[in-house]
Amino acid sequence: MEEDKDGQSQRRFTCKFCDFSASYTYYGQKPPNTRAIVLLEECFVTKDPFSPNKEKFLVLGSHCSLCGKTVCVGTECSLFYTKRFCLSCVREHLEEFPQQIQAELKKKKQAQKTLVTQ
């Protein structure tokens, strides 16, 4: 493992869907150097490179709670609804999600079709 300039271990996060890749410094629910922050899921986290504040961090992604694939938090790759789900699993189990989520995904799908046909 590499170390960054602060001496922290650098590991690599890669989304299985979009191939987004970045170094992460922590995996879990309680990022280091944060006071009272507890994340709702086990996440891959990195320090915010745009902030000098050590408490600032970015969540890169997590594991899909159904298939276990590593996915980024991008809306094209995953959805968080009580747990993280990759969009493949969301589509496969769409009827098990609340109506509001189903409606949002249908709107998104329609918008994508409109962009493709233009």
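1. Accessible areas come from the Shrake-Rupley method with a 1.4 Å probe, and for residues only the protein chains shown count as cover. The accessible surface of the protein comes to about 8,100 Å², and carbon and sulfur atoms hold 53% of that surface. The model is predicted, with local features requiring pLDDT of at least 70 and side-chain atom pairs counting only at pLDDT 80 or more, while totals for chains, interfaces and linings use all residues. Residues are numbered from 1 along each chain as its sequence is written, and side-chain values use heavy atoms, with hydrogens and water left out.

2. Two helices and nine strands are present in the protein; helices (H or I, at least four residues) and strands (E, at least two) are DSSP runs, numbered from the N terminus. Read from the N terminus, the order of elements is β-β-β-β-β-β-β-β-β-α-α.

3. Of the 118 residues in the protein, 32% are buried. Buried means under 20% relative accessible area, exposed over 50%, and partly exposed in between (1.4 Å probe, protein chains only). A contact means heavy atoms within 4.5 Å. Among contacts between residues at least 6 apart in sequence, 21% join residues at least 24 apart.

4. Strands β8 (residues 78–81) and β9 (residues 83–86) run antiparallel and are joined by four bridges; two strands pair if DSSP finds at least two bridges between them. L79 stands opposite F85 in β9. The hairpin of β8 and β9 has one residue between the strands, and T82 takes a positive phi near 65° there.

5. Leaving aside residues up to four places away in sequence, T70 touches F13, T14, C15, K16, F44, S62 and H63. With H63 there is also a polar contact between side chains, at 3.4 Å. A polar contact is a pair of N or O atoms within 3.5 Å; within protein, one must be able to donate a hydrogen and the other to accept it, and residues adjacent in sequence count only if both atoms are side-chain atoms.

6. T34 is found in the loop between β4 (26–28) and β5. The relative accessible area of T34 is 10%, so this residue is buried. Its side chain reaches the backbone oxygen of P31 at 2.6 Å. Not counting residues up to four places away in sequence, T34 touches E55 and F57.

7. On a 1 Å grid over the protein atoms alone, a cavity is a set of points where a 1.4 Å probe fits but cannot get out, and a pocket is an open set with protein on both sides within 12 Å along at least five of seven lines; lining residues have an atom within 4 Å of a point. Grid points are joined across faces, edges and corners, and a volume is the space filled by probe spheres set on the points. One cavity of 30 Å³ or more is found in the whole structure. The largest cavity has a volume of about 70 Å³. Its lining has 12 residues, of which T25, P32, V45, K47 and F57 lie nearest its centre. Strand β5 (residues 43–47) gives the most to this lining, with three residues.

8. The second largest pocket holds about 230 Å³ of space. Ten residues line this pocket, and R91, L94, L105, K106 and K109 lie nearest its centre. Both α1 (87–92) and α2 (99–117) supply at least two residues of the lining, with α2 giving the most, at five residues.
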